[in-house]
Amino acid sequence: MSGYFLYHSIGTFPGKAERMAAALTNFSNIWSAEDDGQWPAALAARQRFIDGWTRLIEAPQGTLTTAENVTTALYSLIGGLPAERLSGKRLLVAGDCFPSLHFLLAGLAERFGFTLDTVPLRPGESWVRDDDFIARWQSDVGLALITFVTSTASHRCNVERLAAHGRAMGSIVGVDITQGIGVAPFSVATTPVDFVVSTSLKWLCGSSGAGILQVAPGLLATCQPELRGWFSQPNPFSWDLDAFTYADDARRFDHGTPAILASVASLPGLEWVEQSGIDAIRAQNAALVERIIGAAQDNGWAVRSPLDAKERGGSVMLGLPQGAEPAKIIASLRKERLYCDARGTTLRLSPGMVTTEAAVDALIAQLREHIGSRQRRAS
């Protein structure tokens with residue numbers, strides 16, 4: 001029985017340890033060889049990672065590159081925009097975005113001359129409604145950052161609707177797909193947006209340090225990233241200090257010597273998702289999530305995620321009752337080899353391909369002991 005419910009944090013798949021170990025061992029052997037083959041092999045491995053991501057979100061060739069994480073990817077994008085795209089305008093973000101991105105944007109607002117406008121959650125609700133986001137989105141919004149799936153409610157927004165509104169307003173539209181990619185379909189070919197940021201953790205079963213930035217060709221051509229370096233050039237090996245130019249493709253968002261290990265470590269997960277198919281991953285996940293939601297409804301537990309599967313990512317969040325001690329509940333579940341976490345009084349449950357039905361049943365039984373049937377389901 002695998003009681004792993006932490007795909008919102010670090011995803012896994014059958015045979016992950018062996019496939020990652022093989023990839024890293026192969027890299028170690030190449031990197032340690034006493035010859036001159038290290039960099040060609042390393043850059044080829046990084047390119048395989050970029051190519052895998054490009055296929056995953058159906059992006060145009062040459063529009064995607066690596067980043068250490070989502071925060072650095074967003075910073076690199078903002079630092080490359082023409083000044084008039086943000087200066088004197090609002091930058092719109094939802095109150096349930098990933099906090100790290102809000103921290104970054106709040107610190108950049110004065111320097112880049114934009115006003116950070118955070119759309120709040122309605123009192124008593126667990127996610128920002130798409131309607132509320134659109135209601136705040138007028139033509140003075142220079143950039144809007146959409147969260148595909150939230151980390152605290154697993155709310156899945158209607159990217160198509162939001163992106164269409166953004167185009168009508170003339171705004172730059174970016175999407176953080178971190179919590180949804182790999183369990184929910186996303187394609188920039190079918191849903192055009194201006195840029196995408198993500199990590200390879202969570203449902204893609206990769207390692208930390210393997211973020212990505214994808215920028216639509218039209219916007220990419222106008223960007224001159226301030227975070228730049230020798231790898232930003234068409235030819236990284238040009239040493240002419242007075243002849244710097246940006247590469248024509250997403251490599252202009254590169255800077256110093258790129259990190260390789262995170263791409264190597266994350267490629268097995270990326271390949272596994274591609275081989276398995278998101279539809280199959282989604283179907284297995286949905287069946288287990290519906291089992292948890294059904295138990296929650298039967299027992300009167302508060303559900304802090306959308307009940308409609310089309311509006312939900314791969315997680316389901318339960319509200320713990322007043323007086324419950326999340327840390328003690330998590331510790332007790334851990335003793336039963338049931339692994340999840342909590343944010344405040346919100347219990348986060350994300351079953352994936354290694355999670356068994358028996359583990360879901362064991363989790364439900366344990367939750368009955370810990371929180372009983374003292375609550376009414378949240379509407």
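Visitor: Is the crossing in which α10 passes α11 left-handed or right-handed?

Guide: This is a predicted model, and in it α10 passes α11 in a right-handed crossing. Five nonpolar and three polar residues make up the contact of α10 with α11, with no charged ones. From α10 come Ile329, Ser332 and Leu333, and from α11 come Leu363, Gln366, Leu367, His370 and Ile371.

Visitor: At what angle do the axes of helix α10 and helix α11 cross?

Guide: The axes of α10 (residues 326–335) and α11 (residues 357–371) cross at roughly 145 degrees and come within 11 Å.

Visitor: What is the order of the strands in the open sheet of four strands?

Guide: Strands of a sheet pair through backbone hydrogen bonds, and the pairing is either parallel or antiparallel. Here the order is β9-β10-β13-β12, and the pairing is antiparallel. β9 (302–303) and β12 (341–343) each have a single partner strand, so they stand at the edges, with one side of each left without a neighbour in the sheet.

Visitor: How many bridges join β9 to strand β10?

Guide: Two bridges join β9 to β10 (residues 316–319). In one case, Val303 has Leu318 of β10 as its bridge partner.

Visitor: Which helix lies across β9, β10 and β13?

Guide: Helix α9 (residues 278–299) does, running at about 20 degrees to β10.

Visitor: Why is the sulfur of Cys205 too far for a bond?

Guide: A disulfide needs two cysteine sulfur atoms within 2.5 Å. The closest cysteine sulfur to that of Cys205 is in Cys340, 18 Å away, so the two are too far apart for a bond. By this rule the model has zero disulfides.

Visitor: Is Cys205 buried or exposed?

Guide: Cys205 is buried, at a relative accessible area of 1%. Cys223 also counts as buried, at 0% relative accessibility.

Terms used: Residues numbered from 1 in each chain as written. Predicted model: local features only at pLDDT ≥ 70, side-chain atom pairs only at ≥ 80, totals over all residues. Heavy atoms only, no water. Buried < 20%, exposed > 50% of the residue type's maximum accessible area, 1.4 Å probe, protein only. Axes fitted to C-alpha atoms, helices over the stretch in contact; angles between N-to-C directions. Left-handed = near helix turned anticlockwise from the far one by under 90°. Contact = heavy atoms within 4.5 Å. Nonpolar A, V, L, I, M, F, W, Y, C, P; charged D, E, K, R; others polar. Pairing = 2+ DSSP bridges.
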